[in-house]
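Trainee: I would like to learn how to read the features of a two-chain model. Please take me through them one at a time.

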Number of protein chains: 2
Amino acid sequence: MRTIEWRDGVVVTIDQTRLPNEEVFLELKSLQEVASAIKEMKVRGAPLIGVTAAYGLALAAYHSKAKTRENILKELEASANVIRATRPTAVNLFWAVDRILKRAYETVGDHEAVRRAVIEEANRMADEDVEVNRRIGRNGSRLLKDGDTVLTHCNAGSLATVDYGTALAVIRSAWEEGKRVSVIADETRPKLQGARLTAYELMRDGVPVTLITDSMVGYVMAEGLVDKVIVGADRIVQDAVINKIGTYTVAVLAHEHGVPFYVAAPKSTFDLERKAEEVEIEMRSPEEVTHIGSVRIAPEGVKVLNPAFDITPISYVTAIICEDGVIYKEEFERDLKGETGTR
Amino acid sequence: MRTIEWRDGVVVTIDQTRLPNEEVFLELKSLQEVASAIKEMKVRGAPLIGVTAAYGLALAAYHSKAKTRENILKELEASANVIRATRPTAVNLFWAVDRILKRAYETVGDHEAVRRAVIEEANRMADEDVEVNRRIGRNGSRLLKDGDTVLTHCNAGSLATVDYGTALAVIRSAWEEGKRVSVIADETRPKLQGARLTAYELMRDGVPVTLITDSMVGYVMAEGLVDKVIVGADRIVQDAVINKIGTYTVAVLAHEHGVPFYVAAPKSTFDLERKAEEVEIEMRSPEEVTHIGSVRIAPEGVKVLNPAFDITPISYVTAIICEDGVIYKEEFERDLKGETGTR
């Protein structure tokens, strides 16, 4: 099942804040509705945020009343700024917006030609995302053995992408090849993407999954229950992987227990011009920590810290699995030093 | 405020599952009610479980219809088995039951004398707990500097004891001495003792506290926000500290970041005849992980692992703070090797 679809001027996607209890589909009809859905994490996951951002610009183009090429380009620039202001950390959002704008500017012809090109490009990006994820899956599955148990954090599955996932693509691919892998999913507070989304996806596919709280990651590793860790990424910079809060905690534990720590992500997540210190870590509202649904779980007025992401230095990463192959840490660092860029 | 009190045949305590939203007092009138309160974690925290267990036997003695010394002793033995079967991991429970039984057997006189002695001993243990905690506080506060931020896991506060706490006794003591310490409390899933109880206690005392999710411990340490970690213990064995699930994860992170990791616990928590592998780690129900209050947060039927405790090898522990002083890891290990026991 695809998580996002363009239906002639409407973007249809699933409301991820309602899963797994309810499957509610959203019909996003304007740029503003797309921006809100991203901000409120109804749509989440770096690759899916990228494609949704592209569709946001497609909606802007679709509804544009511009009568000249110049005006539609101006409108797209303004729309791009609305989308860019939604969430600061995942780089796919900026990558997608830039790619759409580039396509718009490069299109020869009038405003109608630009409009068509933008919508086409968004659809192409959605299709490419699925193809890229299948390649990530095939590349990564070579790292998994029959019988392996993989721990994953947050949700880097179908629901984080257009389809198939990144970290979960590796697991799906191994499973489809007949390897009996199983998964330990940590719940991933505060937003519970592991409990709500990863467990849901894997159960639907029949892949054995065990749910734990985030605090149990040390326990399962000490008990020898984890063979590998695979997570996704919101942004890969020169010196670190930036991903959902809690990823760094898992990485340190993997390192301490000699468990390989893999990051599965498309190249659209790479931002190799930057270092971690240059990236803004989004801080989200205290209510995400003090409430679960409508249930208050902490005293009124308590001070809260709620960073949405953390920074895992490359030294903790065994390898990055992308659509072009498996890049081991040593190679990643060598490529950067050689200033050749990474692929 | 004391968390537990004997009022002539009734044990009054606060229902910790309802905090911080409601302050509900329980009136426990029988051994069975005490056993249920411990099992359901309405009463929790190793030292408080110990004293509550003692009061359970006091209730059994109080209501006993035995007319001979022999019969009341038999009843107490049977009652002890009921209490011992409630929770397997915290050693204070077994320590308290054994101490009450010993006192009963050593009492000279008839069934009335035994009855009185058991009730007296339970009250004495409650008073001693407060005195011991004050000494833990004074001993530990020497380790804290003005301006320190202390991270704590779970609740080792007043609510885990009769009063004053163990880990939080150290913080309270430093605070009372005028040191401006502050606390980072992790929420401690699945039962949220950090969010519900530690934040509540410290806010009531005016000690600055910031709440984070368990997954953020790596983040706050990497950001340099944590000067020391202090936790409690459910059982200290020859080679490890057994404490609330997630403690080991915090210990590994502290080790990786060079942050001192202290365990504050009374000697009634020491079980130096045993190694960690001999201790049963209680497994609790999946619903603690899949639900928060009445809110389901994971798919129906998902497999769950829910150990209530984990094992932190002594090598990760900087020192143990007890009522007799601060025992550094090296001294703890030397004392054991010398087979002198530890104090």
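Mentor: Start with strand pairing. Strands of a sheet pair through backbone hydrogen bonds, either parallel or antiparallel. In this predicted model, β6(A) is joined by two bridges to strand β13 (residues 303-304) of chain B, and the two run parallel.

Trainee: Which residue is the bridge partner of Thr210(A) in β13(B)?

Mentor: Thr210(A) has Lys303(B) as its bridge partner.

Trainee: What is the order of the strands in the open sheet of eight?

Mentor: The order is β13(A)-β6(B)-β5(B)-β4(B)-β7(B)-β10(B)-β15(B)-β16(B), with mixed pairing. At the edges stand β13 of chain A and β16 (325-328) of chain B; each has a single partner strand, so one side of each lacks a neighbour in the sheet.

Trainee: In which sense do β10 and β15 of chain B pair?

Mentor: Strand β10 (residues 261-264) and strand β15 (residues 319-322) of chain B pair in the parallel sense, over three bridges. Within that pairing, Val263(B) has Ile320(B) of β15(B) as its bridge partner.

Trainee: How is the open sheet of three strands in chain B arranged?

Mentor: Its order is β1-β2-β3, with antiparallel pairing. The edges are β1 (4-6) and β3 (25-28) of chain B; each has a single partner strand, so one side of each is left without a neighbour in the sheet. On average, neighbouring strands of this sheet are turned by 20° against each other, direction ignored.

Trainee: How many bridges join β2 to β3 in chain B?

Mentor: Four bridges join strand β2 (residues 11-14) of chain B to β3(B), and the two run antiparallel. Thr13(B) stands opposite Leu26(B) of β3(B).

Trainee: Now the interface. How many residues does each chain bring to the contact?

Mentor: Chain A brings 53 residues and chain B brings 53 residues. The two chains bury about 4,200 Å² between them, 69% of it on carbon and sulfur atoms. In chain A, the residues that lose the most area to chain B are Ser215(A), Tyr219(A) and Leu305(A), together 14% of what that side buries.

Trainee: How many residue pairs are in polar contact between chain A and chain B?

Mentor: The count is 18 residue pairs, with both residues at pLDDT 80 or more. Several elements of chain A each supply at least two residues of the side that touches chain B, among them α7 (193-205), β6 (209-212) and α8 (217-222). The largest share of that side, six residues, comes from α9(A). By class, the side of chain A that touches chain B has 33 nonpolar, eleven polar and nine charged residues.

Trainee: How many salt bridges cross the interface of chain A and chain B?

Mentor: The rule finds two. In a salt bridge between Glu187(A) and Arg189(B), the side chains meet at 2.6 Å, N to O. Over all chains, the structure holds 56 salt bridges.

Trainee: Where is Asp8(A) placed?

Mentor: Asp8(A) is in the loop between β1 (4-6) and β2 of chain A. Its phi is near 45°, a positive value in a residue other than glycine.

Conventions. Residues are numbered from 1 along each chain as its sequence is written. Chains are lettered from A and ligands numbered from 1 in the order in which they are written. This is a predicted model: local features need pLDDT of at least 70, side-chain atom pairs count only at pLDDT 80 or more; totals for chains, interfaces and linings use all residues. Side-chain values use heavy atoms; hydrogens and water are left out. Contact means heavy atoms within 4.5 Å. Buried area is the accessible area (1.4 Å probe) that two parts lose on being put together, summed over both. A salt bridge is a side-chain nitrogen of Lys or Arg within 4 Å of a carboxyl oxygen of Asp or Glu. A polar contact is a pair of N or O atoms within 3.5 Å; within protein, one must be able to donate a hydrogen and the other to accept it, and residues adjacent in sequence count only if both atoms are side-chain atoms. Ala, Val, Leu, Ile, Met, Phe, Trp, Tyr, Cys and Pro count as nonpolar, Asp, Glu, Lys and Arg as charged, and the others, Gly among them, as polar. Two strands pair if DSSP finds at least two bridges between them. Axes are lines fitted to C-alpha atoms, for helices over the stretch in contact, and angles run from 0 to 180 degrees between N-to-C directions.
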